[in-house]
Amino acid sequence: MKYRLLAGGSVLVLTAALSACSSSSGPDSGNGDGRTTVDVWLMRDSVSAQFQKEFTADFEKRHPTIDVKIQIQEWDGIGQKITAALASNDAPDVIEAGNTQVAQYAESGGLLDLSDRKDELNGEDWLSGLAEPGSYEGKQYGIPYYAANRVVIYRTDLFEKAGVDAAEIKTREQWIDATTELNKGGTQGIYLPGQMWYALAGFIWDEGGDLAAESGGKWSGALDTPEALRGMEFYERLQALGKGPKDSDEDDPPQAEVMAQGQVAQVISTPGGANVIAENNPELKGKLAFFPIPGKTADTPGAVFTGGSDLVVPAAAAHRDEAVTFIKELTGDTWQKKLAVAMSYVPNRTSLASAVADDPGAAAMAVGAANGHATPNTPGWAAVEAENPIKDYMTAVLTGGDPAKEAAKASQDITRAMNAGS
């Protein structure tokens with residue numbers, strides 16, 4: 001999916017055979033003519049075939065001693081494959097990794113520390129939601145590649161019918177007021193399922209809270225803080241302005257299909273969801289638009305989880321300098337702008353946001369990306385997502401449970417999961 005948002009990966013176990021690793025010929029790989037081949041793994045749909053062709057041709061022209069070999073990898077099973085590659089002596093030179101997965105790979109010692117290359121790679125204004133999870137214990141291992149985050153997709157015809165101007169929705173309270181007006185006459189003001197925990201995380205970050213906090217080297221769940229409880233309170237108010245199920249997430253049923261079938265005025269989604277909505281109901285083509293998730297005040301957009309990818313260099317890479325050269329080109333101004341336009345992504349740097357100004361969905365994403373966040377930057381977070389007590393907590397509160405008690409229980413579950421291996 002073009003707008004795939006990456007959550008923290010599952011706990012990885014090294015069981016893959018070394019045959020799953022790179023197909024390069026090892027540390028001495030070269031072409032026998034003074035040229036070097038840089039072996040790269042990129043993920044399915046992170047680039048189009050045309051973009052890959054144009055980038056490779058330009059790169060090899062600008063760097064005549066380096067050949068580029070890009071292998072497209074599938075998301076299914078990629079964590080285990082990368083883990084095996086990092087543990088081998090035959091790793092590729094560059095790997096695209098989900099931004100929240102970098103800490104797991106760095107903890108193993110399998111990644112090259114790129115901290116001393118940050119200035120060279122334009123690190124002064126990287127998106128924090130990509131840069132922060134790309135670091136581990138104060139060192140930078142992942143170089144921001146591209147981002148995607150959630151926005152509000154809305155029905156222009158239903159907004160017009162209700163007399164609501166989306167351009168005037170700048171704060172969360174204005175959003176509540178507008179959604180209340182939309183939630184009339186058989187129309188759902190918003191379809192918000194009860195377990196969309198990434199949306200909840202944004203509201204918690206808006207309040208100054210977090211999902212978990214670190215102190216003295218130990219992580220603890222933080223859903224029971226006053227800030228996090230205020231975030232849940234807002235989620236509850238918004239969720240009540242529609243008929244979203246309280247015990248499932250956006251995939252059950254697929255919210256794009258729900259919006260296509262019914263009188264739903266809004267959903268929270270990546271912009272690519274609009275394409276799925278229109279595919280399910282062609283009558284809605286031309287009736288879908290976007291705005292950034294509103295924040296507490298008009299001058300700051302709502303906080304969002306930044307999904308996307310970082311580029312990493314395995315410690316065992318045969319061609320480290322060439323790998324950095326490749327990353328420098330792909331994450332530099334020219335190709336970041338082209339990638340954003342070609343794939344409707346958010347560029348990796350705040351100063352490049354104007355590149356997607358003519359793409360309404362990507363432009364709305366770029367506004368939100370400026371207030372992007374990541375899940376807690378620790379390998380233990382993978383265990384939390386695998387169990388996901390946050391979803392159970394949300395359902396419990398939305399079905400009448402005491403928020404403080406349920407938050408305390410969920411925080412204990414998060415603490416246990418995050419520290420299970422320590």
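## The loop residue T399

T399 sits in the loop between α15 and α16; helices here are DSSP runs of H or I with at least four residues, strands are E runs of at least two, and both are numbered from the N terminus. This is a predicted model, where local features need pLDDT of at least 70, side-chain atom pairs count only at pLDDT 80 or more, and totals for chains, interfaces and linings use all residues. Residues are numbered from 1 along each chain as its sequence is written, and side-chain values use heavy atoms, with hydrogens and water left out.

With a relative accessible area of 54%, T399 is exposed (over 50%; buried is under 20%, partly exposed in between, with a 1.4 Å probe and protein chains only). A polar atom of its side chain lies 2.7 Å from the backbone oxygen of T395, and the T399 side chain also reaches the backbone oxygen of A396 at 3.2 Å.

## The helix pair

The axes of α15 (residues 389–398) and α16 (residues 403–418) come within 9 Å and cross at roughly 170°. The two helices are therefore roughly antiparallel (angles over 145 degrees, between N-to-C directions on a scale from 0 to 180, with axes fitted to C-alpha atoms over the stretch in contact).

## The sheet

Three strands form an open sheet in the order β10-β7-β11, with antiparallel pairing (at least two DSSP bridges between two strands). Its edge strands are β10 (266–269) and β11 (288–291). β7 (residues 151–155) pairs with β10 over four bridges, and V152 stands opposite I268 in β10.

Definitions and conventions
Angles under 35 degrees count as roughly parallel, over 145 as roughly antiparallel, 65 to 115 as roughly perpendicular and the rest as oblique. A polar contact is a pair of N or O atoms within 3.5 Å; within protein, one must be able to donate a hydrogen and the other to accept it, and residues adjacent in sequence count only if both atoms are side-chain atoms.
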